[in-house]
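Here is a short briefing on a protein chain. Please keep the sequence and the model open while you read.

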Amino acid sequence: MAHRPAYRRLAGLPALAAFAATIAVAQPVRAQSDFYAHKQISVIISHAAGSPYDSFARLVIRHYGKHIAGNPTLVPQNMPGAVGMIALNTLYNPAPRDGTTIAQAGKSVVLEPLFGNELARFDPLKLNWIGSGQADVSLCFSRLDSPIKTIEDARRQQVLVGATGPTGDSSFISHLVNQLLGTKLKPVLGYPDTPNVALAMERGELDGGCGYTSTTLRAARPQWFEGKAINIFLQASLKRTSSFPDIPALGELVTDKKDREALEVAISTDPLVRTFVAPPGVPAERVEMLRSAFMATMRDPDFVAEATKSQFDVTATSGADVKALVEKLYASPQDAVQRIIEIRKIASGTAPAPTR
């Protein structure tokens, strides 16, 4: 039998080595792409069934799976309570860290550990942020027949505003506006959600509300915007938004440097209204799969059409950008953070409001 020269046998080794390396690299990639095949992804929803947060999460769920390699089935699980902390606590602690459980969270819950809330048993800097589906602005508003038309009106007389609980945005932002602008907003606690606040306004029990996002209000009462059935007198934002160009922004009315630093800590989470997040420890390749699929979902024409029909404006923020914003907020000046902590104490009733 003829033998090939030794140099020819040796010359083939680099090609064999390259082929073997290709196989070695391809195997984990294939394993990642096949991971979600025939699997379910549990989606913990931080608000109650039927709420705008729940409606948007379920809308995403209906389209998200087809953009994830393996086409997993997404299963919603409502876990409301404690301004979204129950959902994130569950995600961060007992939930599996393999990418089969994610959560949808609201914009304010991410700051709870920053403000020293011991009930927040999660570290936002370690979570894997997938992306946010909406950027929105919180509004302060009154009934059309209310004497409260402007910020000056709210400075002169008491304004009864509906609120959910002492730590929710509807209470906190009311107190924030009071402390920064000298208004007399008085949160009335105990309303379970935005539709119930709207109903109480329509019955004349409340003058209005403060700290509700425009999307949440529009989903609950689209006729308020179509027929201009409420008076919006303030945007709780750093600057005016294109949606409400004629309504003053809180940021333009706050001129004191220290007040403004505190304000930036309090309301810079507007891009995080409907945020999706995975727990720590999920393999990086799987996190990227979830992020890419989320952004593909936000661009999906069928998803956008359904969102528009449901009165949801889609303004997507990537997972990387969410992560960068969270890191920036957690690097805020300590005195600004402390100022917000004191206002939160006033909102919760554990500290008296300072006399102006």
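Where is the place of Arg-143? Arg-143 is in strand 5, residues 138–143. This is a predicted model: local features need pLDDT of at least 70, side-chain atom pairs count only at pLDDT 80 or more, and totals for chains, interfaces and linings use all residues. Residues are numbered from 1 along each chain as its sequence is written, and side-chain values use heavy atoms, with hydrogens and water left out.

**Overall chain**

- The chain has 15 helices and eleven strands. Helices (H or I, at least four residues) and strands (E, at least two) are DSSP runs, numbered from the N terminus.
- Of the 356 residues, 51% count as buried. Buried means under 20% relative accessible area, exposed over 50%, and partly exposed in between, with a 1.4 Å probe and protein chains only.
- Take the contacts between residues at least 6 apart in sequence: 79% of them join residues at least 24 apart. Contact means heavy atoms within 4.5 Å.

- Arg-143 has a relative accessible area of 17%, so it is buried.
- The side chains of Arg-143 and Asp-145 are joined by a polar contact of 2.7 Å. A polar contact is a pair of N or O atoms within 3.5 Å; within protein, one must be able to donate a hydrogen and the other to accept it, and residues adjacent in sequence count only if both atoms are side-chain atoms.
- Not counting residues up to four places away in sequence, Arg-143 touches Lys-149, Met-201, Gly-204, Leu-206, Asp-207 and Asn-231.
- The C-alpha atoms of Arg-143 and Ala-198 are separated by 9.7 Å, and the two residues are 55 apart along the chain.
- Ala-198 is in helix 7, residues 194–202. Ala-198 is buried, at 2% relative accessible area.
- Neighbours within four places in sequence aside, Ala-198 is in contact with Arg-221 and Trp-224.

**Ala-200, also in helix 7**

- Ala-200 counts as buried because its relative accessibility is 0%.
- Beyond residues up to four places away in sequence, Ala-200 touches Tyr-191, Glu-205 and Leu-206.
- Gly-162 is 38 residues from Ala-200 along the chain, and their C-alpha atoms are separated by 8.0 Å.

**Helix 3 with helix 13**

- Two packed helices are described by the angle between their axes and the distance between the axes.
- Helix 3 (residues 52–64) packs with helix 13 (residues 301–309) at an angle of about 160°, with axes 10 Å apart. Helix 3 is therefore roughly antiparallel to helix 13.
- Axes are lines fitted to C-alpha atoms, for helices over the stretch in contact, and angles run from 0 to 180 degrees between N-to-C directions. Angles under 35 degrees count as roughly parallel, over 145 as roughly antiparallel, 65 to 115 as roughly perpendicular and the rest as oblique.
- Helix 3 contributes Phe-56, Leu-59, Val-60, Arg-62 and His-63 to the contact, and helix 13 contributes Asp-302, Phe-303, Glu-306 and Ala-307.
- These contact residues divide into five nonpolar, one polar and three charged. Ala, Val, Leu, Ile, Met, Phe, Trp, Tyr, Cys and Pro count as nonpolar, Asp, Glu, Lys and Arg as charged, and the others, Gly among them, as polar.

- The axes of helix 11 (residues 257–267) and helix 15 come within 8 Å and cross at roughly 75°. The two helices are therefore roughly perpendicular to each other.
- Helix 11 makes the contact through Lys-258, Asp-259, Glu-261, Ala-262, Val-265 and Ala-266, and helix 15 through Asp-335, Ala-336, Val-337, Arg-339 and Ile-340.
- By class, this contact has six nonpolar, no polar and five charged residues.
- Ser-332 is in the loop between helix 14 (319–329) and helix 15 (334–348). Ser-332 is buried, at 18% relative accessible area.
- Ser-332 touches Val-265 and Val-337, not counting residues up to four places away in sequence.
- The side chain of Ser-332 reaches the backbone oxygen of Leu-329 at 2.6 Å.

**Positive phi**

- Most residues other than glycine have a negative phi.
- Val-83 has a positive phi, near 55°. Val-83 lies in the loop between strand 2 (73–78) and helix 4 (85–92), and is partly exposed at 23%.
- Gln-311 has a positive phi of about 70°. Gln-311 is in the loop between helix 13 and strand 11 (317–318), and is partly exposed at 28%.
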